[in-house]
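This is a walk through a protein model, meant to be read with the sequence and the coordinates at hand.

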Amino acid sequence: MLSSMEKSIAELRETFKNGGTKSISWRKSQLKALLQLINQNEDSIFKALDQDLGKSPVESYRDEVGVLKKSVTYTLSCLEKWVAPKKAEVPLLFFPAKAEVMPQPLGVVLIFSSWNFPFTLALDPLIGAISAGNTVLLKPSDLAPACMSFLVETIPKYLDNKAVKVLAGGADIGERLLQLKWDKIFFTGSPRVGRLVMAAAAKHLTPVTLELGGKSPAIVDTLSTTPSKAKVTAKRIVGGKWGPCTGQACIAIDYVLVEEKLASTLIELLKKTIKRFYGENIKSLKNISRIVNKHQFQRLVNLLKDPNVADSIVYGGSVDEEKLVIEPTILLDPPLDSEIMSEEIFGPLLPIITLKNIEESINFINSKSNPLVIYAFTEDDTFKKRILSETSSGTVTFNDSMVQFLCDSLPFGGVGQSGFGRYHGKYSFDTFSHEKSIMHRGFYPEIEPRYPPWTDFKLLFLKLAYQFDYFGLILLLLGFKRS
Amino acid sequence: MASEVEKKAVFDIDSAKEVVQELRASFVAGKTKDYEWRRTQLKAMLKMMDENEPQIVAALRDDLSKPELESSIYEIAMLKNSCKLALKKMKHWMMPEKAKTSLATFPSSAEIVSEPLGVVLVISAWNYPFLLSLDPVIGAIAAGNAIVLKPSEISPATASLLAKLVANYMDSSCIKVVEGAVPETTALLEQKWDKIMYTGNGRIARIVMAAAAKHLTPVVLELGGKCPVIVDSGINLQVATRRIIAGKWGCNNGQACISPDYIITTKDYAVELVDSFKCELELFYGKNPLESKDLSRVVNSNHFARLLKLLDEDKVSSKIVYGGERDKSNLKIAPTVLLDVPQDSLIMNEEIFGPLLPIITIDKVEDSFDLITSGTKPLAAYMFTNNKKLKEKFVEKVSAGGLVINDTTIHLAEPTLPFGGVGDSGMGAYHGKFSFDTFSHKKAVLYRSFAGDAPLRYPPYTNGKLRLLKALLGGSILGIIRALMGWSKA
């Protein structure tokens, strides 16, 4: 296994060195092939996602297939523009000169993807890496085994095997891959493993992008507006919690912050919406994913074990160990020092924390590490400004949940413990590129004062030159300035 | 109070913790975010330079025997420019950038907001100790951060001067200088920073990045490498030679990360090139370059010994065609040119960072590209040629932080170009707006309204919804209409 891994990587390096991935036509053909792969295998993809996570086709299309198609199409339409060098302004002093910044591929890149969106989180970075002209080794998560198998079997049928490889396996394979030298590592996962990835990358000075997580809060300030807005708020919260992989998403709403006096209104609205979307109880649960495996199931069940936490459940709480299902559960004010309020939940449990005044939500959020997203349902412009300037997160979304993921023009990434680096749209291309500065000079004219032996005249000349004081320079040259 | 911690006899982990705590409190209180604060700090820095130029030049002379012109221009003038640019453009840089939204999220508006990262650590180098300390600090201030600057102990006079001046001119509750060597740097690296910027060598860079990994701290590493110069025939040889000399010995006597490290030229052209060097070097530095006041010295005896080891290696010492003289007591080595050193010599396998210039010869100019790409990616690469095709090939094939055609090092002075490395020469970039960006978090913001809540987002999931969803994500209005009319397949 080890030697075949090293052989694969050597081949990727050879392909890159020989310029196999440089041409725009190669990159476009690979992207088109990827689009074909998705179009021609939609049913198999739906099947694999159902098998691994119990995702319904609509959820799978909305969060995985559709997102990827959109991403490839967008990249194909913009690639020529992105690849073109960008002119940079040059001051008169250097005339005649031309300066530009040219993007170049980094080389051989390693992509680690996560199990919760096994297609999106594997293939979206892959789109970026290919569009930027790199060769790629993709290591999907083995915690979504059907999806991983699909990728291992299907990608070689559509993409250039010498340039794009998929490796199956678990944590041990991941560790071995990290020992080797890469030109970039792109990692989606937990902060704990993020540290290990960065520490391994440090040995080779490999740049990394870490897409991690955190507790993404939803601040709710719109319940006392019109009933229709309150209903939409509830729908968007429910959709933003249990919609994506039953809460197992880095951008899922982790917990809600609301004013005390509005808590019961919110809970009633949420209950109604949950029943309408997902069914009356755990027996009739539908339109929702399941928990990925026993380990995660147990972890989530344990969060509810604390009697003080269990006491705070106001809806749901039933579990089905055999089917790996936990019904949508709402908790009201669990203890703030409980695990459910200090760890990223990554599951279908929604704590609602009440505050005397909604403005306190800012301090509350700042007491925890920077999340990937802050959701805020509010129409108060002053409050919006405060949230923007007084909190720090990867993204802020007002009056909705999840949809920022669909914006190709917004950088998607974290800050602080939620990660660093970003992608989506052109940011994907940039994250797998090196922006090379290029300056073209002519041999004439020559600026003599650049060269020793140094004199006071030369010193004054250069001082004026560096200030771009062209008038002063003329005076100096005409003898009107003393050195 | 401000410099209490620095005055302590030992700067240990606890001292480092205290410093970070103090800066974090200042940051959380919003001091550094305020636009006026940033302006005042940058103006104070300008004043600091205006009022202390002779002292700065003196410190650089102490540490490096740096000629006054190099200090005035390459350290002070460049820094002043950087400061002035930040003052002029900062308001504009701080403004949110509008982002386009698509049909998929209609109706919505989006923007990207720059916010400071928080408390940042800048570790600088000894060769341009003033510039490489304060240039990153300018970016960090402009972006609204609190800062610890750790200057290099190998340039102690400048480090002390920086500590004194920064404490006197700038807001010590938000910007601190910590002097020291390995123990102090280690103590600092144990702390949690929001960003670390390190300028120096690859060995220490690995240690910095590994320490940063523990806290998931993003890093900028400005390293080095062997910056090659390809010299083609059919050029203005005199101008080319002078520009190479200016970039090599004119930049701290070759001790600069973007100094030409070695030259590649054709066997046919080598003799002419060597003669040109001999001629111009003598014009610049005289017959006794060891006495020239226009050359920095080698920084210390460690580096002096290191360079002599490169020069005196058996297979190399016979290749000297100019120079080679040394003055141990004054730590001076004369500008030295070597011809046809073997590829496996020490001098061709580590970054020289000194006044020795090997010339490697090849049969055809095109062979130089493979030679360069067989090594690690350097911070800069240079080529002198009038051949358009060769220029294109050079730009296409050579991967380096930055490239210059028909000159050397000058891209450093161009604030519209990102300055940074790739591969072994580093990661991240700065200068001009890139400095501001490197010390900022670019926060994505999406504004949605309550109107237009498509039921197709929510369960129950039906085939009809699937059709609509496909059309919506596909972005075509016609597709959406067809889906709504039930005319498209699920």
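In the lining of the largest cavity, the element with the largest share is α17(A), which supplies four residues. The model is a predicted one. Helix α17 of chain A covers residues 456-466, and along with α4 (68-94) and α5 (131-142) of chain B it belongs to the elements that each give at least two residues to this lining. The lining counts 28 residues, and A:Y466, B:Y74, B:M78, B:T409 and B:I410 are the closest to the centre of the cavity. Sorted by class, the lining holds 22 nonpolar, three polar and three charged residues. The volume of the largest cavity is about 470 Å³. The structure has seven cavities of 30 Å³ or more.

In an unreviewed UniProt entry, the label "active site" is placed on B:E222 and B:C257. These positions are spread over 36 residues of sequence, yet they cluster in space, with a largest C-alpha distance of 8.8 Å. From this set, B:C257 is part of the lining of the largest cavity.

Where does B:C257 sit in chain B? The residue is in the loop that runs between α9 (237-248) and β9 (262-266). B:C257 has a relative accessibility of 18%, and because buried means under 20%, this residue counts as buried. Leaving aside residues up to four places away in sequence, B:C257 touches B:N127, B:L223, B:C227, B:E351, B:F353 and B:L379.

B:E222, in turn, belongs to strand β7 of chain B, which spans residues 219-222. Its relative accessible area is 2%, so B:E222 is buried. With residues up to four places away in sequence again left out, the contacts of B:E222 include B:M197, B:Y198, B:T199 and B:G200. Further contacts of B:E222 include B:F419, B:G420, B:S425, B:G428, B:A429 and B:Y430.

Now to chain A. This chain has 483 residues, and buried residues make up 63% of them. Chain A contains 18 helices and 18 strands. Along the principal axes, its C-alpha atoms fill a box of roughly 90 × 55 × 35 Å. Of the contacts in chain A between residues at least 6 apart in sequence, 70% join residues at least 24 apart.

One residue of chain A to look at is A:Y423, placed in the loop between β17 (419-420) and α16 (426-431). Is A:Y423 buried or exposed? Its relative accessibility is 1%, so A:Y423 counts as buried. Beyond residues up to four places away in sequence, A:Y423 touches A:L121, A:D124, A:P125, A:F186, A:E211, A:L410, A:P411, A:F412 and A:S428. A:R62 is 361 residues from A:Y423 along the chain, and their C-alpha atoms are separated by 19 Å.

The charged pairs come next. Side chains of opposite charge can pair when their charged atoms come close. Over all chains, the count comes to 45 salt bridges. One of these joins the side chains of A:E64 and A:K55, at 2.9 Å from N to O. Both A:E64 and A:K55 are buried.

A:K215 and A:D254 also meet in a salt bridge through their side chains, at 2.6 Å from N to O. A:K215 is in the loop between β7 (208-211) and β8 (217-220) of chain A, and A:D254 is in the loop between α9 (227-241) and β9 (255-259), so this pair ties together parts that are 39 residues apart in sequence. A:K215 is buried, with a relative accessible area of 8%. A:D254 counts as buried too, at 3% relative accessibility.

For A:D381 and A:K384, the salt bridge between the side chains has an N to O distance of 3.9 Å. The two residues are separated by about one helical turn, because they are three residues apart in helix α15 (residues 381-390) of chain A. A:D381 is partly exposed, with a relative accessible area of 48%, whereas A:K384 is buried, at 13%.

Which residues are linked in a network of salt bridges? The network includes A:R441, A:E446 and A:R450 from chain A, together with B:R243 and B:D407 from chain B.

Notes: Residues are numbered from 1 along each chain as its sequence is written. Chains are lettered from A and ligands numbered from 1 in the order in which they are written. This is a predicted model: local features need pLDDT of at least 70, side-chain atom pairs count only at pLDDT 80 or more; totals for chains, interfaces and linings use all residues. Side-chain values use heavy atoms; hydrogens and water are left out. UniProt positions are given in the numbering used here, feature names are shortened, and annotations may be inferred rather than shown by experiment. On a 1 Å grid over the protein atoms alone, a cavity is a set of points where a 1.4 Å probe fits but cannot get out, and a pocket is an open set with protein on both sides within 12 Å along at least five of seven lines; lining residues have an atom within 4 Å of a point. Buried means under 20% relative accessible area, exposed over 50%, partly exposed in between (1.4 Å probe, protein chains only). Contact means heavy atoms within 4.5 Å. Grid points are joined across faces, edges and corners, and a volume is the space filled by probe spheres set on the points. Ala, Val, Leu, Ile, Met, Phe, Trp, Tyr, Cys and Pro count as nonpolar, Asp, Glu, Lys and Arg as charged, and the others, Gly among them, as polar. A salt bridge is a side-chain nitrogen of Lys or Arg within 4 Å of a carboxyl oxygen of Asp or Glu.
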